[in-house]
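Visitor: I am new to this structure. Could you walk me through the fold, step by step?

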Amino acid sequence: MGNAGSGSEEVQLCLSFLIRQAWFSMRSSVEEALVECRLSVPQYATLLVLEEQPGVSLSDLARVLVSTRQSVTEMVAGMERDDLVERRRHPTNGRTHQVFLAEGGRKRLAEARPAVRAREGLMEQGLTDSQKSAARAWLAHVAAAGEA
């Protein structure tokens, strides 16, 4: 696909295109780091969400992961077979499932986190702490604005 410096000035200035390029570059790098941990990027993201929000519903998990409920349900089923997560029926709504980290998921997340952080660190190399904070704040703002 070439580097970010190639292409027309219009493409280089198009915010959506730059975000897309950054996402694909980051996803590819993180994916490589996760191979040794036997996780995909969506599985890693799922483990992170479950660590922060234990008992989240499949629908809410799909929203956070920006995915369809069907895709998340299939992924969670596979992760459950691998002892990474566990599903439990909601205590007051038997039709809803809550998803929790299983012990295997905790271990795999602990193993994967340093590898992912190292890759992210390489991508942030050369930026000041202030620039890193500003980039994170801006990305969070853009993500929230897209949900509005």
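Guide: A term comes before the count: helices here are DSSP runs of at least four residues (H or I), strands are runs of at least two (E), and both are numbered from the N terminus. The model is a predicted one.

Visitor: How many helices and strands are there in the chain?

Guide: Follow the chain from the N terminus. The elements run α-α-α-β-α-α-β-β-α-α. That gives the chain seven helices and three strands.

Visitor: What is the order of the strands in the open sheet?

Guide: β1 (56-57) and β2 (85-89) each pair on one side only. β1 is joined by two bridges to β3 (residues 97-101), and these two run antiparallel. The sheet of three strands is therefore open, with antiparallel pairing where two strands share at least two bridges, and its order is β1-β3-β2.

Visitor: Which residue in β3 stands opposite Ser57?

Guide: Look along β3, residues 97-101. The residue across from Ser57 is Gln98.

Visitor: How far apart are the axes of α2 and α6?

Guide: Helix α2 covers residues 15-35, and helix α6 covers residues 103-124. They pack at an angle of about 145 degrees, and their crossing is right-handed. Their axes are 9 Å apart.

Visitor: How many residues of the contact of α2 with α6 are nonpolar?

Guide: From α2 come residues including Met26, Val30 and Leu34. From α6 come others, among them Ala112, Val116 and Met123. Two residues of the contact are polar and three are charged, while the nonpolar ones number eight.

Visitor: At what distance from the ring centre of Phe100 does Arg88 lie?

Guide: Aromatic pairs number zero, with ring centres required to lie within 6.5 Å. A charge over a ring is another matter. Arg88 lies over the face of Phe100, and its distance from the ring centre is 3.8 Å.

Technical notes
Residues numbered from 1 in each chain as written. Predicted model: local features only at pLDDT ≥ 70, side-chain atom pairs only at ≥ 80, totals over all residues. Heavy atoms only, no water. Phe/Tyr/Trp six-rings, centres within 6.5 Å; stacked < 30°, edge-to-face > 60°. Lys NZ or Arg CZ within 6 Å of the ring centre and 35° of its normal. Axes fitted to C-alpha atoms, helices over the stretch in contact; angles between N-to-C directions. Left-handed = near helix turned anticlockwise from the far one by under 90°. Contact = heavy atoms within 4.5 Å. Nonpolar A, V, L, I, M, F, W, Y, C, P; charged D, E, K, R; others polar.
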